[in-house]
Amino acid sequence: MGSVASRLNVRVQNGVTRVEFVDRNILDETNIQQIGEELARLIDGQVNPKLLISFKGVEHLSSAALGTLITVNNRVRSKEGQLRLSDIDTQIYEVFVITKLNKIFKIHETADKALASFA
Amino acid sequence: MSAAGSNPSGGSSSASGGNAFTFECLLRDQGNDVDHVQAVVAEALEKHGYNDKSRWAIRLALEEAIVNGFRHGNKSDPSKAVHFGCRIGDAESLFDVRDEGPGFDPDTVPDPTEDENIEIPSGRGIMLIKAYMTDVFYFKPGNHLRMIYRKS
């Protein structure tokens, strides 16, 4: 499966692994599964991972994607790491509010603000 | 709108009922067929004056409903299809999604916003459908979902 294109753009900045999505729509189950696996690998490769997931450019997101984010959050916490989300479009943020997931995720308006929030 | 027999199979559309747009088809593939339905619906919604916010809400609800049909209803059995139908009018739209599974009781689905469920990674699809659609009905035995969206 080495030839499968990554669904994430990843770079490390000040000790924080900063992730953006390649796709504008995070709906397709196969893609979501791949995103979950890629994020799991990133988390597992670090001690006390610091992960920032930016939703810049993301227009649609399904409940399956929310499920993957919850799994990622649990994984980061189990490694005593920190997870931040940023750049969430207004309509997508409403999905977080409806599902009350805005209470379990640390969500910041911009990636810079999220970066500044890591302990 | 062409009703040509490309996938999804059996797609047919008409402008019956005044200027309402109707379309129905059988979905067999969770990827391409769903994309096709979303494109057909999006075009019809735009023609009937649904704004960005409405189209966004309907797209999300349809995605959740169809994925639930494939995954939970049909248990991802590739021999089973999801039946889709819609009637899109100027004031309101109706969407039917029916799977070929045994059905379920939607009242038994746990509330994903309760503290004990909030970290469980599944079970939010129905909640989002109910949040974004004006009316939602499940016909017994629970494998047929009808969603109504009214412009506010």
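**Notebook: the chain A sheet and the A/B interface**

I began with the end of the sheet in chain A, where strand 6 and strand 7 (residues 107-108) run parallel and are joined by two bridges. I note here that the model is a predicted one.

Strand 4 (residues 50-54) of chain A is parallel to strand 6 of chain A, and five bridges join the two. In this pairing I found A:Ser54 opposite A:Ser86 of strand 6.

I then followed strand 4 of chain A to strand 2 (residues 16-21) of chain A. These two are also parallel, with four bridges between them. Here A:Thr17 stands opposite A:Leu51 of strand 4.

I wrote down the whole strand order as 1-2-4-6-7 in chain A, an open sheet of five strands with mixed pairing. Strand 1 (8-13) and strand 7 of chain A are the edges; each has a single partner strand, so one side of each has no neighbour in the sheet.

I checked how covered strand 6 is. Are the residues of strand 6 (residues 82-86) of chain A mostly buried or exposed? I found five of its five residues buried. A:Gln82, A:Arg84 and A:Ser86 point one way from the strand, while A:Leu83 and A:Leu85 point the other way.

I turned to the interface. I recorded 22 residues of chain B in contact with 25 residues of chain A. The area buried between the two chains is about 2000 Å², and carbon and sulfur atoms give 58% of it. Which three residues supply more of the area that chain B buries against chain A than any other three? They are B:Trp56, B:Glu119 and B:Arg124, with 30%.

I looked for charged pairs and found two salt bridges between chain B and chain A. One of them joins A:Arg77 to B:Glu119, with the closest N and O atoms 2.7 Å apart.

Last, I asked which elements of chain B form the side that touches chain A. Helix 2 (52-73) and helix 3 (125-132) of chain B each supply at least two residues to that side. The largest share, nine residues, comes from helix 2 of chain B. Sorted by class, I have ten nonpolar, four polar and eight charged residues on the side of chain B that touches chain A.

Conventions: Residues are numbered from 1 along each chain as its sequence is written. Chains are lettered from A and ligands numbered from 1 in the order in which they are written. This is a predicted model: local features need pLDDT of at least 70, side-chain atom pairs count only at pLDDT 80 or more; totals for chains, interfaces and linings use all residues. Side-chain values use heavy atoms; hydrogens and water are left out. Contact means heavy atoms within 4.5 Å. Buried area is the accessible area (1.4 Å probe) that two parts lose on being put together, summed over both. A salt bridge is a side-chain nitrogen of Lys or Arg within 4 Å of a carboxyl oxygen of Asp or Glu. Ala, Val, Leu, Ile, Met, Phe, Trp, Tyr, Cys and Pro count as nonpolar, Asp, Glu, Lys and Arg as charged, and the others, Gly among them, as polar. Buried means under 20% relative accessible area, exposed over 50%, partly exposed in between (1.4 Å probe, protein chains only). Two strands pair if DSSP finds at least two bridges between them.
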